[in-house]
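Reader: I would like to learn how to read sheets and aromatic contacts in a model. Can we take them one at a time?

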Amino acid sequence: QVKLVESGGGSVQTGGSRKLSCVGSGYRYTDHCMAWFRQAPGKEREGVASIDSDGRTTYVDAVEGRFTISRDNHKNTLSLEMNSVKPEDTAMYYCAAADARYIGNNNWRHLVRYTVWGQGPQVTVSS
């Protein structure tokens, strides 16, 4: 079955760390550009980071230097390591698989390019 299952959501204090994981089934991670999106209350879903089939990564300015996206194709697992978290990082985090191996020109941030989504667990950062 084509499915993405996430884990790692929860609460964390400002400045702390948390790691999110996304395990796929019915997919070959090597054939898809993967990404993390997030949606805060009252706001639209936005891109956080992406990683293509060659392992090249891209980050939105808001998380650059603090978050790290990685993939383990053998285990069909996508991860997002969140460090030095801030209250504004509070959101539901979604992993997603795109319909292509590569998405360039910053087009990875377009939601329409992703065909499979995770459940979007909540990450709450408290001060």
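Author: Start with the general idea: strands of a sheet pair through backbone hydrogen bonds, either parallel or antiparallel. In this predicted model, four strands form an open sheet with antiparallel pairing, in the order 1-3-8-7.

Reader: Which strands are the edge strands?

Author: Strand 1 (3-7) and strand 7 (67-72), each of which pairs on one side only. Direction ignored, neighbouring strands of this sheet are turned by 15° against each other on average.

Reader: How many bridges join strand 7 and strand 8?

Author: Six, in the antiparallel sense; strand 8 covers residues 77-82. Asp-72 stands opposite Thr-77 in strand 8.

Reader: Now the rings. How many aromatic pairs does the structure hold?

Author: Five. To class a pair, look at the angle between the planes: over 60 degrees counts as edge-to-face. The planes of Phe-37 and Tyr-114 stand at 75°, with ring centres 5.0 Å apart, so this pair is edge-to-face.

Reader: Where do Phe-37 and Tyr-114 lie?

Author: Phe-37 is in strand 4 (residues 34-39) and Tyr-114 in strand 10 (residues 114-117), so the pair ties together parts 77 residues apart in sequence. Both Phe-37 and Tyr-114 are buried.

Reader: Which residues do ring pairs link into a cluster?

Author: Phe-37, Tyr-94, Trp-108, Tyr-114 and Trp-117.

Reader: What lies over the face of Tyr-94?

Author: Arg-45, at 3.6 Å from the ring centre. The charged end of Arg-45 also sits over the ring of Trp-117, 5.0 Å from its centre.

Conventions: Residues numbered from 1 in each chain as written. Predicted model: local features only at pLDDT ≥ 70, side-chain atom pairs only at ≥ 80, totals over all residues. Heavy atoms only, no water. Phe/Tyr/Trp six-rings, centres within 6.5 Å; stacked < 30°, edge-to-face > 60°. Helix = DSSP H or I, 4+ residues; strand = E, 2+ residues; numbered from the N terminus. Buried < 20%, exposed > 50% of the residue type's maximum accessible area, 1.4 Å probe, protein only. Lys NZ or Arg CZ within 6 Å of the ring centre and 35° of its normal. Pairing = 2+ DSSP bridges. Axes fitted to C-alpha atoms, helices over the stretch in contact; angles between N-to-C directions.
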